[in-house]
Amino acid sequence: MDNLIGCPEQKLNEIMVGWGEKPYRSHQVFNWVYHYGIRQFGDMTNLSKALRKKLEERFYIRLPRIVMSTPSRDGSIKYLFGLEDGQEVEAIWMPETDRKTLCISTQVGCRLACSFCLTASMGLKRHLTSAEIIGQYLAVNADHTEENRVSNIVFMGMGEPLDNYDAVCDALRLMVSPEALRISTRKITLSTSGLVDRIERFKSENLHVNLAISLNATDNPTRDQIMPINRKYPIEVLLDCLRTYPLKPSRRLTFEYVMLKGINDTDEDARRLAKLLRNIPSKINLIPFNAFDSADYQPPAPQRVQAFQDYLIGKHYSVFVRKNRGTDILGACGQLALQNS
Ligand code: SF4
């Protein structure tokens, strides 16, 4: 038996056509599951009883279980999900006046060993399935009233999304499909640490969601030290790959830059960053490091962050300083899951 949540449209279609059903029947099933939130095949009243029984014998419909939801003083809510094999992952719901953003996880742990990231200390336990990825969104929405439903999704929780390539692409396809969740590609952001071979492959997926690159350094020795993936794909190789990324008109790449005091926050770094991103349609998010107990790093002083931002703005970049959301509820990547493991 498979979870119907996360099942690719084409696969469901093939199964149902194999049962002698018309192709539009799979659209009806998707409509019940993703549009009306129906979780029992028996409630899909426009399907014959015989078909409902076949579906029941082949599929189940299950969302990740919310083990804990912790509200923060800043209004965000951290969700801890229990998975069927007992593993746990987290997502964070962040309200702003014009949007409600959900940050979701794609793996239990991560193998990329970035030195500023708490999830890295778990290593990779396993990939999430497409059901578990999309299920975080469905479960959080079910926990909110209409006006607080998620409007934007960012793949920036636990794990490197492109390291779990197939499940992430299946989940993205369901998110943007007119037959499933119908979310605009403009409202979904996939973040990567820079797996160049996977970015190359992603270029031809025709998904057109926003791409964010976790850059975090402006020279190879520093990036080698804080993001070991840089030893395989150094900065110039990564940026070359991004120069040919197929962007829709008026869209830009986002560069995430976690600021670590004394490591990557100097005036020289700001100058190098401006040079590196020249001729790449980009916006830059500066994220002062969100310290955790065992961390080797500190966030820079607010004046340092301001000076860094001002320099880049002076070079005509769009630069935003991202607040750390949910710091009072352990908002840094991986912290809540670790605390409970
Ligand atoms: S920052 Fe992202 S890619 Fe790096 S170890 Fe953490 S979860 Fe993995």
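In which sense do strand E6 (residues 99-103) and E9 pair, and over how many bridges? They pair in the parallel sense, over three bridges. Keep in mind throughout that this is a predicted model.

**Stop 1**

Select residues 152-155, which make up strand E9. Show the side chains. Asn 152 and Val 154 sit on one side, Ile 153 and Phe 155 on the other. Are these four buried or exposed? All are buried, so both faces of the strand are covered. In a regular strand, side chains alternate between the two faces of the sheet.

Next, select strand E10 (residues 188-192). E9 and E10 also pair in the parallel sense, and this pairing has three bridges. Pick Val 154 and look across to E10: the bridge partner there is Thr 189.

**Stop 2: the ligand**

Select the ligand and the residues around it. The shell consists of Cys 110, Leu 112, Ala 113, Cys 114, Cys 117, Ala 120, Gly 159 and Ser 193. How does this shell divide by residue type? It has six nonpolar residues, two polar and no charged.

Stay on Ala 113. This residue is in the loop between strand E7 (107-109) and E8. With 41% relative accessibility, Ala 113 counts as partly exposed.

**Stop 3**

Jump to His 316, in the loop between helix H11 (302-314) and strand E14 (318-321). Here phi is near 70 degrees, again positive in a residue that is not glycine. Is His 316 buried or exposed? His 316 is exposed, at 74% relative accessible area.

**Stop 4: salt bridges**

Side chains of opposite charge can pair when their charged atoms come close. How many salt bridges does a search of the whole structure find? The count is 20. Visit three of them, then a network.

Begin in helix H3 (residues 49-58), which holds both Glu 57 and Lys 53. The two residues are four apart, about one turn of the helix. They form a salt bridge, with the closest N and O atoms 2.8 Å apart. Colour by accessibility: Glu 57 is exposed, at 52%, and Lys 53 is partly exposed, at 49%.

Now select Asp 85 and Arg 126. Their salt bridge has its closest N and O atoms 2.6 Å apart. This pair links distant parts of the chain, 41 residues apart. Asp 85 is in the loop between strand E4 (77-82) and strand E5 (88-96), while Arg 126 is in strand E8 (residues 124-127). Asp 85 is partly exposed, with a relative accessible area of 46%.

Go on to Arg 201 and Asp 166, whose side chains meet in a salt bridge (3.2 Å, N to O). Arg 201 lies in helix H6 (residues 196-202) and Asp 166 in helix H5 (residues 165-176), so the pair ties together parts 35 residues apart in sequence. Arg 201 counts as partly exposed, at 39% relative accessibility.

Finish with five residues together: Asp 219, Glu 268, Asp 269, Arg 271 and Arg 272. Salt bridges that share partners join them into one network.

**Stop 5: cavities**

Rolling a probe the size of a water molecule over the atoms shows where empty space is left. How many cavities of 30 Å³ or more are counted? There are two.

The largest cavity has a volume of about 70 Å³. To see its lining, select His 208, Val 209, Asn 210, Leu 211, Tyr 245, Pro 246, Leu 247, Lys 248, Arg 251 and Arg 252. That lining divides into five nonpolar, two polar and three charged residues.

The second largest cavity has a volume of about 60 Å³. Select Phe 202, Lys 203, Glu 205, Asn 206, Leu 207, His 208, Tyr 245 and Pro 246 for its lining. These residues divide into four nonpolar, two polar and two charged.

**Last stop: helix H1**

Select Gln 10, in helix H1 (residues 9-18). Gln 10 is exposed, with a relative accessible area of 59%. The C-alpha atoms of Gln 10 and Ser 26 are separated by 9.0 Å.

Terms used:
Residues are numbered from 1 along each chain as its sequence is written. This is a predicted model: local features need pLDDT of at least 70, side-chain atom pairs count only at pLDDT 80 or more; totals for chains, interfaces and linings use all residues. Side-chain values use heavy atoms; hydrogens and water are left out. On a 1 Å grid over the protein atoms alone, a cavity is a set of points where a 1.4 Å probe fits but cannot get out, and a pocket is an open set with protein on both sides within 12 Å along at least five of seven lines; lining residues have an atom within 4 Å of a point. Grid points are joined across faces, edges and corners, and a volume is the space filled by probe spheres set on the points. Ala, Val, Leu, Ile, Met, Phe, Trp, Tyr, Cys and Pro count as nonpolar, Asp, Glu, Lys and Arg as charged, and the others, Gly among them, as polar. A residue is near a molecule or strand if one of its heavy atoms lies within 4 Å of it. A salt bridge is a side-chain nitrogen of Lys or Arg within 4 Å of a carboxyl oxygen of Asp or Glu. Buried means under 20% relative accessible area, exposed over 50%, partly exposed in between (1.4 Å probe, protein chains only). Two strands pair if DSSP finds at least two bridges between them.
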